[in-house]
Amino acid sequence: MTRNTIFKTGRELVLPKICILGSTGSIGRQALEVINALGPPYEIVGLSARNSYKKLEEQCRLYRPKQVALNNTEDAALLKENLGDLGVEVLTGDEGISSLAGDTEADLVLVATVGFSGLLPTLSALKSGKKVALANKESLVVGGELLSREIPQFREMVIPVDSEHSAIYQCLLGQNKEKVKKITLTASGGPFKNLYTEQLKEATPAQALKHPNWSMGPRITIDSATLMNKGFEVLEASWLFGLELERIEVMIHPQSVIHSMVEFVDGTVLAQMGTPDMRVPIQYALTHPDREPNDFPALDLLKHQLTFEPPDKERFPCLDLAYQAGKAGGTSAACLNAADEVAVDLFLKGVIRFNDIPRYIELTLKEHENVEEPSVDDIIEADWEARNRLVKTVARLG
Ligand SMILES: NC(=O)c1ccc[n+]([C@@H]2O[C@H](COP(=O)([O-])OP(=O)(O)OC[C@H]3O[C@@H](n4cnc5c(N)ncnc54)[C@H](OP(=O)(O)O)[C@@H]3O)[C@@H](O)[C@H]2O)c1
């Protein structure tokens, strides 16, 4: 049966018109590759980036979207000039990206921007009834509670792209969610899994950017090295699957073959496996609930010895900081995310050391004045306040 026939049966199995926010990044580019290989009826109708206007222009010439958005206004003006011959509508600024997310004619919006920038476009897409393929975990980290209050049905509208959450999502299909005992998110352990605390002090950005299994954008790569990424994933899973934090655990599995597991009350454990290749969960998010063939490398279990160990929370305190912020609720996770974004940036610029990242985040969290049941404005304020506070603390403590 072809995809077009599926459409003619009236079963809405394919959401062919796609808008990609963050199309110039690691996930965005892989999504374009997947869509290219899937072919018609998949169609790109919108793209966005922060300031990579040249890459965005190349993508526009290849995929011919109707609308694009660039965060940076000056770059957007240059893009508009360069794209004069194509008649693409160019939107600008944060508002431009949010209105693209809400007003696009897409059936599915893939949110693949990085950090806090994903929250407002995700809200905008969901509020206008669009399905969202969510790579930007930070949207749920900072705004999960807000989303569940403002859009109670959001869980039916979001399909996860993160490989761990895609794994859990697939393990839960057709299951009674009331019978879940716990979920286990696997983590590779990152490039510094075997370093001593003393060695962590000397870890350089170049070393931290070399992830053993995954090729990703800089922020998530550093977050993988500190285990903050896993902490964010715990919070993301809690909102996505409606589970208390106590029922979400993390296990180090350096081979990244088992992407995550669900344990049910009868002792059955379902796991989803595959090669560490983000194109697979991206493709699943686009073709769900169907599957399509592809030519990505297949998993060969004979080539792997699967091992597991608990995370070392002493050497990698970011994981516990995420649990703490999640338990505190309110704007605490917005503070956590903002402090982490700035700390990672300062580490990459050589201003602070690797093991200063959790130290400064903890100090910022300690001073945070939590706001329960936050509005969007409360979250934005908590974000700004945490960023400023962390920078001031670094300046003070050197
Ligand atoms: N990469 C992975 O394998 C992976 C796996 C699982 C989950 N994720 C999640 O997916 C998201 C994207 O990660 P990534 O690795 O693809 O990041 P990335 O390579 O750094 O790409 C980020 C994208 O977002 C755009 N962007 C950055 N800041 C922005 C802002 N303030 N406003 C609007 N757009 C902005 C960038 O545009 P410019 O090019 O103009 O800077 C780029 O298109 C993150 O939330 C990450 O945690 C990633």
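**Entry 1: the ligand**

I began with Glu 138, where an N or O atom of the side chain sits 2.7 Å from an oxygen atom of the ligand. I keep in mind that this is a predicted model. Next I asked how much of the ligand the protein covers. On its own the ligand has 900 Å² of accessible area, and the protein covers 90% of that.

Then I looked up which elements give two or more residues to the shell around the ligand. They are α2 (26-38), α7 (137-150) and α12 (218-226).

I also checked backbone atoms. At Asn 51, a backbone N or O atom lies 2.7 Å from an oxygen atom of the ligand. At Ala 135, a polar backbone atom is 3.4 Å from an oxygen atom of the ligand.

Which residues come nearest to the ligand? There are 27 residues around it, and the nearest are Thr 24, Asn 51, Ser 52, Glu 138 and Asp 162. I sorted the shell by type and found 10 nonpolar, 13 polar and 4 charged residues. I looked at domains too: domain 1 (5-136) and domain 2 (165-275 + 312-397) each supply at least three residues to the shell.

**Entry 2: the sheet of seven strands**

Here I traced an open sheet of 7 strands, and their order is β4-β3-β2-β1-β5-β6-β7. The pairing is parallel. Which strands are at the edges? They are β4 (89-92) and β7 (158-160), and each pairs on one side only. On average, neighbouring strands of this sheet are turned by 20° against each other, direction ignored.

I picked one pair to follow by eye. Strand β5 (residues 108-111) and strand β6 (residues 131-134) run in the parallel sense and pair over 4 bridges.

My next stop was an open sheet of 4 strands in the order β9-β8-β10-β11, with mixed pairing.

In what sense do β10 and β11 pair, parallel or antiparallel? Strand β10 (residues 258-264) pairs with β11 in the antiparallel sense, over 5 bridges. To find the place, I looked for Val 262, which stands opposite Leu 270 in β11.

I went looking for exceptions.

Pro 40 and Pro 41 are joined by a cis peptide bond, with omega about 10°. Where is Pro 41 found? I found Pro 41 in the loop between α2 and β2 (43-49). Another cis peptide bond joins His 288 and Pro 289, and there omega is about 5°. Pro 289 belongs to the loop between α14 (279-287) and α15 (318-328).

Last, I checked the phi of Arg 64. The phi angle is near 50°, a positive value in a residue other than glycine. Arg 64 lies in the loop between α3 (53-63) and β3 (67-70).

Note on methods:
Residues numbered from 1 in each chain as written. Predicted model: local features only at pLDDT ≥ 70, side-chain atom pairs only at ≥ 80, totals over all residues. Heavy atoms only, no water. Near = heavy atom within 4 Å. Polar contact = N/O pair within 3.5 Å; in protein donor to acceptor, adjacent residues only side chain to side chain. Areas by Shrake-Rupley, 256 points an atom, 1.4 Å probe, with all protein chains shown as cover. Nonpolar A, V, L, I, M, F, W, Y, C, P; charged D, E, K, R; others polar. Domains from an automatic or database assignment. Pairing = 2+ DSSP bridges. Axes fitted to C-alpha atoms, helices over the stretch in contact; angles between N-to-C directions.
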